[in-house]
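User: I have a structure to go through and a few questions about it. Can you put it up?

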Amino acid sequence: MEATSQELSLDYLSVLTALILGSLVILVWKLWSFFTRTEVEAEPDESEPEGADEGAGDGKKNGVKKSSKSRSKMPKRATSVPAFTHDLLHTTLKGHTGNVYCLESSLNGKYLASCSDDQSVRLWSVKDFGTGNKSVRVNVEFDHANLIRFSPDNRAFIAGLGGGNTVRVFRLGKKDDGVTTTCVPLDQDFPEYTKAKLLNIGIGSFPNGGSFVMTAYKDTTILIRDLRGNILHTINTNQGNNECAWVSPCGRFVGSSGWAPDVRVWAVNFTKTGDYRDVTEAFVLEGHGSSVWSFAFNLDSTRMLTVSKDGSWRLFDTDIEYAKGQDPYLLKKGVVKIHNVSITDHPCVCAISSDGLVAAVSCLNNITVFSTSTGETEMEAAEAHNEIITSLTFDIGGRYLLSTGDKVIRVFHNTLNYKEKIKALEESLKSQIPSAMRERQQKQLKELEKSLNKIYLSQKEKQK
């Protein structure tokens, strides 16, 4: 009898244990199902910008409208576009799901490239600005790009990798249909430099076939490499730590600024047959009272803009015979005024238009645009992005100013470029010039006035 009672007790205990374990399994399964469903419902919101570059700005994905129920359950996400309006804002390019670090305009004026920590590079068509967020996405495998630069022939671009601290080369092409863009990375990345983080990259090219790649770092090192990444020359800038470095658009020069109050510029030299020869110091831009935050070349390197921690900007004439010892000279200087922000306390980024007529400076998330000839401010954009602006550039044609720092790219009309060109033509027409030249300039003047009026009319329509 006692044995039977013990057996029954054990049976009851076994049943009770099984019930408890079963309840736990059901509870875990319910929780797992709930969280899995929540993640799936949130997925379309993350990918919404992806649909935007195909013109899908109506809240639809693959023709299916998102339900209000799924929207109401989701909290406000970081991928939403920050509210921003401006009289000269042409459009906002959306598509990246991570912060955009760098913008680059192609020298043929057709494309804008952007790179982001979402492991992608996007190629945008400049002529399609304002007609939808059309772009070609290029994946950056196993890393993300912090920097991007087009080759002078626009057939390739290089990307500075954030994780690998190196450079990857991508070749651009077309499929057999002659329309679809292809982009293929080369098999081998450049050898990594391990002593300091990558600051900037660039490509230089000469008519005789000589080409080089610059990789600048956040110590005092700039490496001049061949197109396979082999080191041709090492520059020690002797400027404390490098703050800014660029290859000039003309492909001849490499410049750098750091803790010193000047900008040093070197010439990369090749033989007549296109073989690398040497690197020589070309000239130095002097005059600031403190370190230079940022500088920029215009398209043909005849003008350079510098912005310093001392709160000022300077425009230099660099169309000189530096090999004969000629020094650049100062054309204009002024004080940077940007939304009550002190550039003494905060680093800034500057850009200059291709013709050198217009300058732009960003500090934190604010932008100012001014004339390099008069110093007068044309445009201010306060809080243009919800994070610090990382890249500021003009398109090659001078029609737009582009900025980024968060997940979107702002495209502003560069109205000052039109105004400066109109003023120059009006002054020229007052002088005695040949009739053929006068006729040509009058035609150019009418076209510029028409384009400027069109911008103003379109902005008035948006404000209605």
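User: Leu-364: what is its relative accessible area, and what class does that give?
Analyst: Leu-364 has a relative accessible area of 29%, so it counts as partly exposed. Buried means under 20% relative accessible area, exposed over 50%, and partly exposed in between, with a 1.4 Å probe and protein chains only. This is a predicted model, where local features need pLDDT of at least 70, side-chain atom pairs count only at pLDDT 80 or more, and totals for chains, interfaces and linings use all residues. Residues are numbered from 1 along each chain as its sequence is written, and side-chain values use heavy atoms, with hydrogens and water left out.

User: Where does Leu-364 sit?
Analyst: In the loop between strand S25 (358-363) and strand S26 (366-371). Strands (E, at least two residues) and helices (H or I, at least four) are DSSP runs, numbered from the N terminus.

User: And what is phi at Leu-364?
Analyst: Near 55°, a positive value in a residue other than glycine. Most residues other than glycine have a negative phi.

User: What about Phe-142, buried or exposed?
Analyst: Phe-142 is exposed, at 80% relative accessibility. Its phi is also positive, about 60°, although Phe-142 is not a glycine. Phe-142 lies in the loop between strand S7 (135-139) and S8.

User: Which sheet has S8 in it?
Analyst: An open sheet of 4 strands, in the order S8-S9-S10-S11, with antiparallel pairing. Strand S8 (145-150) and strand S11 (181-185) are the edge strands, each pairing on one side only. Two strands pair if DSSP finds at least two bridges between them.

User: How many bridges join S10 to S11?
Analyst: 5 bridges, with strand S10 (residues 167-174) running antiparallel to S11. Lys-174 stands opposite Thr-181 in S11.

User: Switching topic. How many cavities of 30 Å³ or more are there?
Analyst: The structure holds 3 of them. The largest cavity has about 40 Å³ of space. On a 1 Å grid over the protein atoms alone, a cavity is a set of points where a 1.4 Å probe fits but cannot get out, and lining residues have an atom within 4 Å of a point. Points are joined across faces, edges and corners, and the volume is the space filled by probe spheres set on them.

User: What lines the largest cavity?
Analyst: The lining includes Val-369, Glu-378, Phe-394, His-413 and Leu-416. Strand S27 (377-381), strand S30 (409-413) and helix H3 (415-429) are the elements that give two or more residues to the lining.

Methods. On a 1 Å grid over the protein atoms alone, a cavity is a set of points where a 1.4 Å probe fits but cannot get out, and a pocket is an open set with protein on both sides within 12 Å along at least five of seven lines; lining residues have an atom within 4 Å of a point.
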